[in-house]
Amino acid sequence: MNKKAKRWVLPFDAWPERHRDAWQTAIDPGDVFTDAGLASHWTEKTQRQIIKDYGMWLKQCLNLDPAVLASPEPIPLTRDTLRPYVTGLRDRLASVSVCSRLRGLSEAYRVMWPEVDRARLRKLLSRLHRNAAPSRNKTAALISSREILGGSLCHMETVFKAPAPSETIRACWVRNALMVALLALYPIRLANLTQIRLGQHMTQEDDQVWLRFSSQETKEKRPLEFLLASILFEPLQVYLETYRPVLLDGRDSEALWISVRKTAMADRGVYDQVVRTTKKLFGHPINPHLFRDCAMTTLATEDPAHVRVGARLLGHSSLRTGEDHYNQATMASAVTQYHEALAQLRGSEPPTEEINT
């Protein structure tokens, strides 16, 4: 944890024993004799975030009254405890982020202290959510997936021949353009994009290339399976046979995305390169998660008859939370229909400015 985070968050090791025990009970997977904890199904990433959110709450409470953490009872969610906490959050975070931190706190209480009444917190969260303003205009950043795909593939063709400071830099350009093209066709989450391993998630069967993730590897706990579109065959082959070996420089790795350090790229690196590349190509950055909005917007505007297949494309069981499941399209047919909406590629020649590695 960095210095800035330590200022606002109480590290898990510094939590009072009662609170650490409550967390361990919540994430306990259970066995034949005991029930699993309420948070036992959470991913490590979710657990880390909730630990951070709850640690932020404990830090605030500790600053207000050190004695409160010595109590064997959970900290009550009262006006007196919530008001200074929310005030502190609003002083340093955007309104949307404040809502996120409070949702994390609510989830922490739900799994750690299920006996505590969270009605006041839920009411407060609902009021803040209605008034929350996004820190940036997401709608303005949306671009047709058709344009993203066309622009990234055209850029890849350009950098094959354009002057480059080195072949390593050129390899990075090709890799980044392929990432963007892959996201345009398959708007998977950042964690899944980063974790792609050859022979495990990306496999070749006869003349077909498949991209698969198990239910344990996805946020929605639903398996994802995509048949790679033929338009990506050649770019992928060129990257795998020519430029990925340049980045590896003799080392071995099953990771699809290789960094300039000759190792598998991490989430942060993939995120940064996608953002930088899209900013160069389209004038403003598109982060990996925003590709999902672009895909749904593209279907809604260019192929509205099939907009509901977007839920299947994104790995959701339904178009909206709470609606009945929409099962008329399998994931494979959903992807096919989405790709048909992108079939006629149009777009101007993308800029050829140098892209950071």
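A cavity here is a set of grid points where a 1.4 Å probe fits but cannot get out. The model on screen is predicted, and by that definition it holds 3 cavities of 30 Å³ or more.

**Stop 1: the largest cavity.** Select Leu-178, Leu-182, Met-202, Leu-228, Leu-232, Leu-236, Leu-256 and Trp-257, which line the largest cavity. The space inside comes to about 40 Å³. By class, the lining has 8 nonpolar residues, no polar ones and no charged ones.

Stop 2: The structure contains 9 aromatic pairs. For one of them, select Phe-160 and Tyr-243, whose rings are stacked with centres 5.9 Å apart and an angle of 5° between the planes. This pair joins distant parts of the chain, 83 residues apart: Phe-160 belongs to helix α8 (residues 145-161) and Tyr-243 to helix α11 (residues 233-248). Are the two partners buried or exposed? Tyr-243 has a relative accessible area of 8%, so it counts as buried, the cut-off being under 20%. Phe-160, with a relative accessible area of 23%, is partly exposed.

**Stop 3: an aromatic cluster.** Now select Phe-12, Trp-15, Tyr-54, Trp-57, Tyr-85 and Tyr-109, which form one aromatic cluster.

**Stop 4: helix α3.** Show residues 44-64, which make up helix α3. Its 21 residues, at 1.5 Å a residue, should span 30 Å. Next, colour α3 by accessibility: its buried residues include Tyr-54 and Trp-57, both members of the cluster at the previous stop.

**Stop 5: a charge over a ring.** Select Arg-92 together with Trp-8. The charged end of Arg-92 sits over the ring of Trp-8, at 3.8 Å from the ring centre.

**Stop 6: the loop between α11 and α12.** Asp-249 lies in the loop between α11 and α12 (267-282), and its phi is near 50°, a positive value in a residue other than glycine. With a relative accessible area of 53%, Asp-249 is exposed. What is the phi of Lys-262? Phi of Lys-262 is near 70°, again a positive value in a residue other than glycine. Lys-262 is likewise found in the loop between α11 and α12, and is partly exposed, at a relative accessible area of 26%.

How values were computed
Residues are numbered from 1 along each chain as its sequence is written. This is a predicted model: local features need pLDDT of at least 70, side-chain atom pairs count only at pLDDT 80 or more; totals for chains, interfaces and linings use all residues. Side-chain values use heavy atoms; hydrogens and water are left out. On a 1 Å grid over the protein atoms alone, a cavity is a set of points where a 1.4 Å probe fits but cannot get out, and a pocket is an open set with protein on both sides within 12 Å along at least five of seven lines; lining residues have an atom within 4 Å of a point. Grid points are joined across faces, edges and corners, and a volume is the space filled by probe spheres set on the points. Ala, Val, Leu, Ile, Met, Phe, Trp, Tyr, Cys and Pro count as nonpolar, Asp, Glu, Lys and Arg as charged, and the others, Gly among them, as polar. Rings of Phe, Tyr and Trp (its six-membered ring) pair if their centres lie within 6.5 Å; planes under 30 degrees apart count as stacked, over 60 as edge-to-face and the rest as tilted. Helices (H or I, at least four residues) and strands (E, at least two) are DSSP runs, numbered from the N terminus. Buried means under 20% relative accessible area, exposed over 50%, partly exposed in between (1.4 Å probe, protein chains only). A charge sits over a ring if NZ of Lys or CZ of Arg is within 6 Å of the ring centre and within 35 degrees of the ring normal. The expected span of a helix is 1.5 Å times one less than its number of residues.
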